[in-house]
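Subject: Structure handover and notes

Hello,

Please find the structure below. My notes on it follow.

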Amino acid sequence: MTDSRLERDSPWGPLAVADAHVHFFSHRFFSTLVAQKPGLTLDSVTQLGWQLPPSEPEKFAAVWAHELDRYHVARAALMASLPGEETSVAAAVHSYPKRFFAYAMVNPRVWKPETFAHIHAVCLFPAMHGYSIHDDCARPVFEWAEHNHRVVFVHCGVLSVGVRGKLGLESPFDMRFSNPIDLHFIALKYSHVPIVVPHFGAGYFREALMLADLCPNVYFDTSSSNAWMKYQDAHIDLRQVFRRALDVVGPKRLLFGSDSGLFPRGWRHQIFDDQATALYELGVTLADARSIFGENLLRIIAA
C-alpha cells in the first residue's frame, strides 16, 4: 500500500507519482564541467544562482529525498548526466533504495559494463557522443540490457544542455544521429528490452510515433516543458501531443518525467501540474493516470 504522505494531489485525487526523468547534478558533475574551460571554477556555478550540491552523493541524495517529500512524490529515476558518473547515482540509490532508481549516461565506445551492476537504466546520447545507434559500439549496450533485464534510454531529436550553455561551454552535438527512426531495427532486434525515448522525440514527434507504433517495447518519457513543440504545427499544444501519443501507444507506454535537476528550483511541480491538467481534460481515467504517473515506470524497471 502506498504511503498517503507520498501521494500527490491531482485532478483525479491523490496519486502515487514516480518521476522517470530527474538529473542528479552532483558535485562531481559540476567539478568535471568547470574543468573543461580555463577560468571556470565552482564559484562560477554559484554565481549563476545555482546551489552547489554536497560533495558526498549520499548527502545530495538526502536533499533529493527531502525535496520529493516536500512535493509528495513517491519515487524518482536519478540520471547521472556525464559518462563515468554512475558511481554517484549508485551511491544515492544505495542510500535510499525505496525512493530512487539509478540511470547513467553511457558513451558506448568507452563504457565498462562491469561497473553497472547497480544501474537500472543506461542512457544513450548519440548526437552528443557522435555515433549512430547502428554502430558496432552500441550493440553491446543493448546486449547487456537484454541479458540483465535493464532499460535503455535513448535521447533523440533536439539536444540542448542548458547547464553547459550557461557556463559558456561548447556543445558540438551532431543531429545526424538524432532520428528516432534509427532505432527501428535495434528495437525489433532487442524486442525484450524496454527502450525509452524522452520528450516525445524532442522535435521528431511524427518519427517517434512511427517507431513506437511498430515497436511495442518503445516508451515515451513525457519530461520537460516540451519546448520542441515550436518546431511542429503552429497550433499544436500539450493536450494535442498527449492525444496523439495516447492514440498510437496508449497509456501503458507513457512515463511521466519532470526533467528536474537544478537547485534551488528543485522538483519542477509545474510540469506535473500542466501534464496532469492536459490529460484530465482529455478524459484520461484514474487507472490510466496511475499508469502514466508511476506504475509504468515501476513495471519496466522491475521487468
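How many aromatic pairs does the structure hold? There are 26 aromatic pairs, where a pair means rings of Phe, Tyr and Trp (its six-membered ring) with centres within 6.5 Å; planes under 30 degrees apart are called stacked, over 60 edge-to-face and the rest tilted.

Before the details, a word on the basis. This is a predicted model, in which local features need pLDDT of at least 70 and side-chain atom pairs count only at pLDDT 80 or more, while totals for chains, interfaces and linings use all residues. Residues are numbered from 1 along each chain as its sequence is written, and side-chain values use heavy atoms, with hydrogens and water left out.

Aromatic rings

One of the pairs in the structure is F200 with W228: the ring centres are 6.3 Å apart and the planes stand at 55°, so this pair is tilted. F200 lies in the loop between β8 (195–198) and α9 (205–214), and W228 in the loop between β9 (218–221) and α10, so the pair ties together parts 28 residues apart in sequence. Helices (H or I, at least four residues) and strands (E, at least two) are DSSP runs, numbered from the N terminus. Both F200 and W228 are buried; buried means under 20% relative accessible area, exposed over 50%, and partly exposed in between (1.4 Å probe, protein chains only).

Ring pairs also join W12, Y71, F256, W267, F272, Y280 and F293 into a cluster. Separately, K189 lies over the face of Y190, 5.7 Å from the ring centre. The rule for that is NZ of Lys or CZ of Arg within 6 Å of the ring centre and within 35 degrees of the ring normal.

Nonpolar cores

A nonpolar core is a set of buried Ala, Val, Leu, Ile, Met, Phe, Trp, Tyr and Cys residues joined through side-chain atoms within 4.5 Å. The largest one has 75 residues, and F142, F220 and F293 have the most contacts inside it. F142 touches, among others, L124, I133, V152 and Y190, leaving out residues up to four places away in sequence; contact means heavy atoms within 4.5 Å. A second, separate core has 20 residues, including L159, L255, L297 and I300.

A18 belongs to strand β3 (residues 18–23) and counts as buried because its relative accessibility is 4%. Apart from neighbours within four places in sequence, A18 is in contact with R75, F256, F293, G294, L297 and L298.

Salt bridges

The count is seven salt bridges, each a side-chain nitrogen of Lys or Arg within 4 Å of a carboxyl oxygen of Asp or Glu. In one of them, D69 meets R99, with the closest N and O atoms 2.8 Å apart. D69 is in helix α3 (residues 57–70) and R99 in the loop between α4 (86–95) and β5 (100–106), 30 residues apart. D69 is partly exposed at 37%, whereas R99 is buried at 12%.

E281 and R239 form another, at 3.3 Å between the closest N and O atoms. This pair links helix α11 (residues 269–281) with helix α10 (residues 238–249), 42 residues apart. R239 is partly exposed, at 33%. D174 and R176 also form a salt bridge, at 2.5 Å from N to O, and R176 is exposed at 65%.

Regards
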